[in-house]
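User: Hi! I would like to learn how to read a structure feature by feature. Could you walk me through this one?

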Amino acid sequence: MSDYLDHIKQVIINRRKFIAGATAVAAAGMVGFLREGGPILTPEVFPDKWWSVPNYKPAQSPVAILKAADYEKNLVDIITHGIALCGLEVRDKVIMLKPNLVEFAQGRPINTNPKVVGAAIEAFLRLDAKQVLVGEGAGHRRDTELLVEASGLGDILREFKTGFVDLNLDDLTAVKPKSHFMGAPELYFSKTLLSVDLFVSMPKLKTHHWVGATLGMKNLFGCVPGAVYGWPKNFLHWCGIQESILDLAATLRPGFTIVDGIVGMEGDGPINGTARQVGAIIFGTDVVAVDSTCARLMGIDPEKVGYIHAAGRFLGNVDPAHILQRGEPIDALIQHFQLIDRFKKLAVKTQAS
Amino acid sequence: MASSVRLANDLTLAQNPDGGWGYLPGKHSRVEPTAWIILGLSVHGDASLKVRDRGLDWLTKMQQADGSFRSAPDTGNSLWMTAPALLALQGSGRTQDASAATAAFHSVLKQKAQTPRLKMTGMRSDVEAWGWTTDAFSWIEPTCLSLMALHSYPREKLQSTSELDLRIKEGEIIVRARRCNDGGWNYGNFGNRDYALGAFPVPTALALIALQRDTGDPQIKQGWERLEQMRKTEPSMLSLGWGTIAAKALKRPSDPWENQLLAHIDKRVGATNLDRGLALLALNDQLPVFTFAPRL
């Protein structure tokens, strides 16, 4: 109980500092794009949030972009190739794949396509992984049975005899966050998730109406157990969406990311946007580098997405000079996703614009 | 009935040595599944009472000094579990748990969600109901569960019912204010920015149970019609379990719900303890804690 009260006090203190910080930013005329999602969380503006921040940035981060025209052809080969291009070793490892399974609406590309999940299961097993699990803690509906079946993931799990871990309901372990943007002294996570050898974030390439884009890092919201924090996981919004993304990414640090960019979502994502054919799957060992690359593929400047910019300070690489681009050249695949009005300023400047 | 016996047997086998149940067999005991299973076993029959009492013994040990319940001893948040625990204590009716129930009732009574920082049209940010956690916004499911829990407590035990009536009124305002355009309820957001969001079966069933005192209200009628549609399109153990309980609480035809639930139990692989406990509860004819006294 005292921990909890301490946490509440800390959150209140942080909110006060946040307001003070935001005021300072405004006063200094430094607000590039203040919005609901919050300002860019730079250490210069919010020094209180940057205490004891670790440095996980690798010198170089391999990111592979491979073409995949649809969900029917050669997905296992493509994913196997993507894993190899990034130099990931999976032999004898217990792996958990974490797709994005937020909500179900017929015909809308909200979730990671189950066929990509199935192909990843097969690819990892082909590469001699010891076991592959699928884990998700859906954010809106607590009826996991309904979501898994309606989305088509249930058929994939049965086909590959793959275990599903409901991250909302699993046994829990309390973890001290590796960074402190949220102000939470501890976070609870699935015990199974924390026990695997390799945790793979498998998001969908989508825009997001609060933070601009939802990719490998934002996908980690589904790791927060609903049985503790509820449906939706409103606690994370109260702590700050960007702050929560950073703490979750720093604490869980997925070892690999596979982004379903075959069909993405543009406009008013992550639920109500429209389909956008991109025809690519994106891979990488550094989730920040993958998210940055995906943002560029969507025609978004990752440095303007608050949480990606901040993650580039300590978690991974945003600067293309430190990203080892493999597979398809990115320039050939860049598209310009429709963005809602408040995020049009995130778009990469083009000659036309 | 055969399914009820099977569910009770499965749940007896799934009981942890400490007396509680996890969400899934073999997992650590947690308050929510234990609460619904206790209620299911309470109305199932005498043979289950010994198993139920071990569950109640575990449950009462989980109560905090302030009367609240949390997800499990290792989680510092999730106050929303106090409502299911209170319903279990009230539904089982063991005299030795009366003081625990009173403390839980007062905990639910004083729990208040935060008001949203962003103003959202029609969300009634002026009223605070119940959230999943105390440091967040009001949401449909914890608010409905808390309303049920407050209704389950005997009014005659209170010197004054004014605070109780006020909290019930606040909860009902929030539930009504968050109704979706299609007539049902989701987690508590009828629209996000410029578009309408649709209903889900479980929150719709919970909302109908919570608002059952106004059965003649057109909103309840529309909500029930929406729930009936979702029975056909979105069946699951949870949705059919809560839908069956809603049908009984609202005195609507429950046979179609029960029949579909029974068929679903037979084909469901990998059901959770939560699924089974709720189904066992739903298949009983008597559901006293889910049936409120008429509006005065």
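User: Let's start with helix α10 (residues 287–297) of chain A: how many of its eleven residues are buried?

Analyst: A residue counts as buried if 20 or more other C-beta atoms lie within 10 Å of its own. By that cut-off ten of the eleven residues of α10(A) are buried, so the helix is largely enclosed by the rest of the structure. Among them are Val287(A), Asp291(A), Cys294(A) and Leu297(A). Just after α10(A), Gly299(A) has a positive phi of about 80°.

User: What does chain A look like as a whole?

Analyst: Chain A contains eleven helices and twelve strands. Of its 353 residues, 55% count as buried. Take the contacts in chain A between residues at least 6 apart in sequence: 77% of these join residues at least 24 apart.

User: And where in chain A does pLDDT stay under 50?

Analyst: First, the general idea: where pLDDT is low, the predicted coordinates should not be read in detail. In chain A, the stretch to treat this way is residues 1–37, where pLDDT stays under 50. The model has 41 contacts beyond four places in sequence for that stretch. For chain A overall, the average pLDDT is 89, and 88% of the residues score at least 70.

User: Let's turn to helix packing. At what angle do α8 and α10 of chain B pack?

Analyst: Two packed helices are described by the angle between their axes and the distance between the axes. For α8 (residues 201–210) and α10 of chain B, the angle is about 20° and the axes are 8 Å apart. These two helices are therefore roughly parallel to each other, and α8(B) passes α10(B) in a left-handed crossing. The contact includes Val202(B), Ala205(B) and Ile209(B) from α8(B), and Leu238(B), Trp242(B) and Ala249(B) from α10(B). By class, this contact has eleven nonpolar, two polar and no charged residues.

User: Which residues make the contact of α4(B) with α5(B), and how do their axes cross?

Analyst: Begin with the geometry: the axes of α4 (residues 82–92) and α5 (residues 98–110) of chain B cross at roughly 145° and come within 9 Å. The crossing of α4(B) past α5(B) is left-handed. On the α4(B) side the contact is made by Thr82(B), Ala83(B), Ala85(B), Leu86(B), Leu89(B) and Gln90(B). From α5(B) come Ala100(B), Ala101(B), Ala104(B), Phe105(B), Ser107(B) and Val108(B). The residues divide into nine nonpolar, three polar and no charged.

User: Now a loop residue: is Ser48(B) buried or exposed?

Analyst: Ser48(B) sits in the loop between α2 (31–42) and α3 (49–61) of chain B. Leaving aside residues up to four places away in sequence, Ser48(B) touches Ala8(B) and Leu41(B). Ser48(B) and Ala8(B) are 40 residues apart along the chain, yet their C-alpha atoms are separated by 7.4 Å.

User: Finally, how many residues does each chain bring to the contact between chains A and B?

Analyst: Chain B brings 35 residues and chain A brings 30. On the chain B side, α6 (140–152) and α10 (237–249) each supply at least two residues. Of the two, α10(B) gives the most to that side, with three residues. The residues of chain B that touch chain A divide into 15 nonpolar, twelve polar and eight charged.

Terms used. Residues are numbered from 1 along each chain as its sequence is written. Chains are lettered from A and ligands numbered from 1 in the order in which they are written. This is a predicted model: local features need pLDDT of at least 70, side-chain atom pairs count only at pLDDT 80 or more; totals for chains, interfaces and linings use all residues. Two residues are in contact if their C-beta atoms, placed from the backbone, lie within 7 Å. Helices (H or I, at least four residues) and strands (E, at least two) are DSSP runs, numbered from the N terminus. Ala, Val, Leu, Ile, Met, Phe, Trp, Tyr, Cys and Pro count as nonpolar, Asp, Glu, Lys and Arg as charged, and the others, Gly among them, as polar. Axes are lines fitted to C-alpha atoms, for helices over the stretch in contact, and angles run from 0 to 180 degrees between N-to-C directions. Angles under 35 degrees count as roughly parallel, over 145 as roughly antiparallel, 65 to 115 as roughly perpendicular and the rest as oblique. A crossing is left-handed if the near helix is turned anticlockwise from the far one by less than a right angle, and right-handed if clockwise. A residue is buried if 20 or more other C-beta atoms lie within 10 Å of its own, exposed if 12 or fewer, and partly exposed in between; C-beta atoms are placed from the backbone. pLDDT is the predictor's confidence in each residue, from 0 to 100.
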